[in-house]
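Thanks for coming. I have one structure to go through today, and I will keep to what can be read from the coordinates. Here it is.

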Amino acid sequence: MAKTQSQAMIGATILLAMTAIVAKADALDTIKSRGKLICGTLSNVAPLGFQDPKTRELVGHEVDYCKAIASALGVAVELKPLSLAARIPEIQQGNVDIVVAGLGYTEERA
């Protein structure tokens, strides 16, 4: 996948995630009172989200976006690694505040 396509996918995902936060009126208050943003991201798709073999930390573009959003909100970030299949259910079930993970269009998701 080209770098520009990857960035566009991540940008669209962030926009959708932030829209979900706005849709749930008390979510922002909850995040701020908790002092951290729980951000779901991929953990096995370089360069989006993957484990650094030296530090074993989760790194990548999606992790950077999670950190930037948390910083803009003035809270810490808690990264929650997600599988491809878990992205939508995790946010629907309220297990994460936002999901920053590549997601393509499908008829089923429409």
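I will start with a term: a nonpolar core here is a set of buried Ala, Val, Leu, Ile, Met, Phe, Trp, Tyr and Cys residues joined through side-chain atoms within 4.5 Å. Please keep in mind that this is a predicted model.

With that term in hand, which residues make up the largest nonpolar core? There are ten: Ile31, Leu37, Cys39, Cys66, Ile69, Ala70, Leu73, Val75, Ile98 and Val100. Two or more residues come from each of β1 and α3. The biggest contribution is that of α3, which supplies four.

Now the overall layout. The chain has four helices and six strands. Read from the N terminus, the order of elements is α-α-β-β-β-β-α-β-α-β. There are 110 residues, and 33% of them count as buried. The accessible surface is about 6700 Å², with 56% of that area on carbon and sulfur atoms. If we take contacts between residues at least 6 apart in sequence, 59% of them join residues at least 24 apart.

Next, the sheet. Three strands form an open sheet in the order β5-β1-β6, and the pairing is parallel. At the edges are β5, residues 76–82, and β6, residues 98–99, each of which pairs on one side only. Between β1 and β6 there are two bridges. Across β1, β5 and β6 lies helix α3, whose direction makes an angle of about 165 degrees with β1.

That brings me to the cysteines. How many disulfides does a search of the whole structure find? One. Cys39 is bonded to Cys66, with 2.0 Å between the sulfur atoms. The link joins distant parts of the chain: Cys39 sits in β1, residues 36–42, while Cys66 sits in α3, residues 61–73, and the two are 27 residues apart. As for its hand, the torsion about the S-S bond is about -55 degrees, so this disulfide is left-handed.

Are the two cysteines buried or exposed? The cut-off for buried is under 20% relative accessible area. Cys39 has a relative accessible area of 0%, so Cys39 is buried. Cys66 is also at 0%, and therefore counts as buried.

What surrounds Cys39 in the model? Setting aside neighbours within four places in sequence, Cys39 is in contact with Cys66, Val77, Glu78, Leu79, Lys80, Ile98 and Val100. Of these, Ile98 is the residue in β6 that stands opposite Cys39. Cys66, Ile98 and Val100 are also listed with Cys39 in the ten-residue core.

Finally, two backbone details. As background, most residues other than glycine have a negative phi, and most peptide bonds are trans. The bond between Ala46 and Pro47 is cis, with omega at about 5 degrees. Pro47 is in the loop between β2, residues 44–45, and β3, residues 49–51. The other detail is Arg56, a residue other than glycine with a positive phi, near 65 degrees. Arg56 lies in the loop that runs between β3 and β4, the latter being residues 58–59. Is Arg56 buried or exposed? Exposed counts as over 50%, and Arg56 is at 60% relative accessibility, so Arg56 is exposed.

That is the end of my part.

Technical notes
Residues numbered from 1 in each chain as written. Predicted model: local features only at pLDDT ≥ 70, side-chain atom pairs only at ≥ 80, totals over all residues. Heavy atoms only, no water. Disulfide = S-S within 2.5 Å. Buried < 20%, exposed > 50% of the residue type's maximum accessible area, 1.4 Å probe, protein only. Pairing = 2+ DSSP bridges. Contact = heavy atoms within 4.5 Å. Axes fitted to C-alpha atoms, helices over the stretch in contact; angles between N-to-C directions. Areas by Shrake-Rupley, 256 points an atom, 1.4 Å probe, with all protein chains shown as cover.
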